[in-house]
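Keep the viewer open as you read.

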Amino acid sequence: MTGEGMSYDVVLAGRGGQGVLFLSRVMGEAALRQGLAVRTTETHGMAMRGGSVLCFVRIGSGRGPLFRKGTASLLIALHVSELELGRPYLAPEASIIVNTPNRAGGRGGQIPIDADTLATTAGNARSANLVLLGAACTLDGFPLKPESVASVIMEKGPENMRPVNLEIFRLGGQRPTTDVQNPR
Amino acid sequence: MCPRQTRHPLPREEFRLLLGNEAMAQGLYEEGCRVATAYPGTPSTEILEALSAFRAPDLHLEWSVNEKVALEVACAASYTGLRTAVIMKQVGLNVALDPLMSLAYTGVVGGMLVIVADDPGPHSSQTEQDTRLFAMAAGLPVLDPTTPEDAREMVSLGYRISERYRLPVILRPLLRICHSRAPIPPPGERKTGPGPEFRKEVDRWAATPRHRLALHRELNEKLKRMTVSRECLGAYRYLCGEKGTSGLAVVASGVPASYALDCLREWGLDGIVPLVCVKMPYPFNRERVAAMVGSDRKVLVLEETGPFVELMLRGRLNVSGRYDGTVPSEGEMTSDTVAAALNRALYSTGTGRVARAETPIETEAPGREGDGYSETPPVLCAGCPHRTSFWALKSEMPRGIYAGDIGCYTLGRSLGAVDTVLCMGASISQAAGFYWAFRQGKGHRQPVAAVIGDSTFYHSGIPALVNAVQQGASFVVMILDNGTTAMTGGQPTPGTGTLADGGRGVAVPLEDLVRGCGVTEMWISDPLDYDGFVADLRQAARTAMEGKMAVIISRSPCVLEIGQRQGPVPELDMGLCSECRVCMDVFGCPAIVQEGDEIRIAEELCPGCGACVAVCPVGAIRPGEPE
C-alpha cells in the first residue's frame, strides 16, 4: 500500500475444510480494526467439499471484490498443491508463503513453513492457517498489525482454543527471516 | 488519482465485515420484513440464516419446501399489507415462475421483495441464466447492486418502489455480491408497520381472464409511469467521467460496474471516460441513458450474465458487449475480463494509454486453472454415507442407468454412479423416461435407478413419483436420507420437523409420503450397515425387474451433522495390500491417502465409518479395534 487509491491484495489458496474462509475473516476484521477499507470474497457450495478454494482479500481502496492477475502483493497457500492456482494473481515482486513440510519445496523466494506440524505440536492441528498469517505479519509492507490480528483471534473460533490459537499465530511470526528478502 | 470521494466511506470502528447476504438480511430486518420464505441454494442461502439470527419476534421465517411454495406464502402475506421477502437462487426462480408471472398482474399491497441470486461462472448451478430477463418477461422492476453496501440499501429502495407501485420488486445480487464481505454499519432500528388486513377484491385476487386483461393493462401502465419516475431516473448514475471527453462511454450494471470503476481510476481515466451505472435495469428509460452517454460515442456495456442493458440500448446507440460478442456471452466477468474489454474499447476509440490491447477477453471463473494446473475437484466427505450407497448401487445394478439429482450426491459422478443430472427432482421422472424408452425395445430389460436426496425429494420428487407409479413404470428409487440439506450447509428438511429458527415444527416422514405416492415396495436401510443394505438393495432391484416400483430409503445422518468420530479407524495391512488403489481412486475416500510409496488411512481425516472394509477386494482393510 504505497499511497492513496492503492490496495494491498492477498490471495488465499487452499482446500475446502482447511480454514481458508476463517483466515480471510480474521484478516478482514483485523483490517477493519485498523480503520482500513477491506473487501473479501468467499467460496461456498460445491467447492467446500475438499475442492480448491481461492479467496481474495483487498485491504485498502478498491470497489470490486476481485483483483486482476499480476497485481497481488501476497499469496498464502494453505496447501502446497493449490499454490499454482493463486500464482497468476501475483505481481512480479510479490511474496509467497506456503504450507509445506518440505523446506526445499520453497522454490525461489517462496517462504516455506511447516505450518501443519507447528500447529499440531502447539495444540490445534486446525490452526495451521494462523501460523501462515503470523508469518505474513513479518513481511515488509503487510498492512495488518500483529496486535489487531491477535485481538480478532481472541474473539473468534471455539472459546477454549483461543489462547492456543494466539500462541500458534505468534509462533508463525517467529520463523527465521533469512528466506524473506529473496525476490521470486 | 481521482479527487472524487469514493461513494463508500472509510469504515468506522463499529462497522462489521458482512457478507452481501448478511447485509441484505440486515436490510430486511431494518425495513420491517414480517414474513420471509426461502429455499436454500448457493449463492443465496445465508440471507435467511442471517435474518433468523436477528430473532425478531414479529417475523415469521421459513425454509419452504420449494421456491414456488415460498413465493406463494410470501405473496399472500403481502396481500395483507405486511412487508415480505422470498429468497432463492436463480434456478429456483424457474420453479417459482408460475406464481411470479401471475403475481405481476395482481400486484401486492405490502412491500414484497423477490431476492434472486445469480451465479455467473457458474460456480454452483446448472445454468448461468440472467434473472433480469425473467424480470422483463414478468413485467417486474429489478434492482442490480454493485457492492454489498448497495445490496443493503436496495432492500430499502425495493420496498419503497414495491409499495408505491404495488408490485413485487426483484432484487438480483450476483454471486460476488452475496459472497463477498464489506464493512457495513451496525443495524439501525427495526421499522414497524400496520398489522395484517385483507381487503377482499375478487376481481384482483381471484381475477378471471376478462379481469386479467385489465390487470395486464394496469401492469403496463405502472411500468410506463415507472420509467419516468424519480426511482427509475435516480437509478442511472455516473460513477465517474461525467464531463469526460473521450470517444468511449461505458454503461455497466452489477459487479462489473465496480471493476470498471477500479480500472478507470487506476489508469487515471476516471475524469475522461464516462461510466454510467444502471442500478435498475428494468423498466428501462432508453432516452435517459442515451442522453447521459451522448449519441456520438461508442458505448461498451459491461454486465452479467446476459446482454440485457446492451439489448435495451441496441439500435439507439453504437453499443458493444456480450450480445455482439465483444465480451464472451458466457462465464463470469472478472476484473481481468473487464480490464481486457476496456483496454480493447479504449484502443478502438483512441482514448488514453493502452497497455495490452491484444489481451484476450476471457470469462473463466478465478481458481479454475493456474499455470498448467487445474483446480482440485470437490469430493464426498470421508465417512459420507452417500459414498457407500453409490458403491452398493454399482455392485448390485452394474448394468444400470443411474438418473441422478441435485445435491452433495451429484458428486457420485466420480464413482460412476450418476449418469444424468438435469434439475431439481428430475431423477425420478428421467428414470421413468428411461424405463419407457427401453420398454419399446425388444431386447434386454434395462435396469434403471433414480438417486435423489431427501430435501430434493420433498422439493420436487413427489409429483414425479406419483406420475411414475400411476403410469405403471418400475425401477429403483434410492432416496438418500441424511436428514438435512447438506450441500447448502445443513438446513433442516421437512422430515426432521425442525424449523428455520431451530424451533420445533411437525415432522413429515419420508416413508409416509412414499406410501402416499402409491408405492407398496419400500425398504428403509442404513448404508453403513453395508451387508444389510446390499441385501435390501438386491431385493429392491429384483422387485423392480419384476415390474413393481421399488423405493429404498438409504438412511444415515450427514457426517458433517454428527461431528467427527463414528467408530475406530480401520487398519490397513500393507502386507496384504495389492496397491490396486480401488479404495482411493474408485471408492474415492479422501481419508485414504498416499504419501510417497506409502498408502495409509489418515487418522486425522477418518471418522471411522468403516465402509472401506467392504470395499477392499483383497481384504487388506480390517475393522479397527474399539478404543
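In β12(B), Val299(B) is the bridge partner of Ala249(B). That bridge belongs to a pairing between strand β10 (residues 248-252) of chain B and strand β12 (residues 298-302) of chain B, which run in the parallel sense over five bridges. Two strands count as paired if DSSP finds at least two bridges between them; helices (H or I, at least four residues) and strands (E, at least two) are DSSP runs, numbered from the N terminus.

A word on the source: this is a predicted model, where local features need pLDDT of at least 70 and side-chain atom pairs count only at pLDDT 80 or more, while totals for chains, interfaces and linings use all residues. Residues are numbered from 1 along each chain as its sequence is written, chains are lettered from A and ligands numbered from 1 in the order in which they are written, and side-chain values use heavy atoms, with hydrogens and water left out.

Now step back to the sheet. Five strands of chain B form an open sheet with mixed pairing, in the order β9-β11-β10-β12-β13. At its edges lie β9 (236-240) and β13 (318-320) of chain B, each pairing on one side only.

Helix α11 (residues 255-266) of chain B packs on this sheet, touching β9, β10, β11 (275-278) and β12 of chain B. Contact here means heavy atoms within 4.5 Å.

Next, turn to chain A. The contact takes 60 residues from chain B and 38 residues from chain A. Together the two chains bury about 4,000 Å², 56% of it on carbon and sulfur atoms; buried area is the accessible area (1.4 Å probe) that two parts lose on being put together, summed over both. In chain B, Leu17(B), Arg181(B) and Thr376(B) lose the most area to chain A, together 16% of what that side buries.

Which charged pairs cross over? The rule finds four salt bridges across the interface of chain B and chain A, a salt bridge being a side-chain nitrogen of Lys or Arg within 4 Å of a carboxyl oxygen of Asp or Glu. Arg68(A) forms a salt bridge with Glu266(B), with the closest N and O atoms 3.3 Å apart.

In β8(B), Ser180(B) is the bridge partner of Thr41(A).

Key: Axes are lines fitted to C-alpha atoms, for helices over the stretch in contact, and angles run from 0 to 180 degrees between N-to-C directions.
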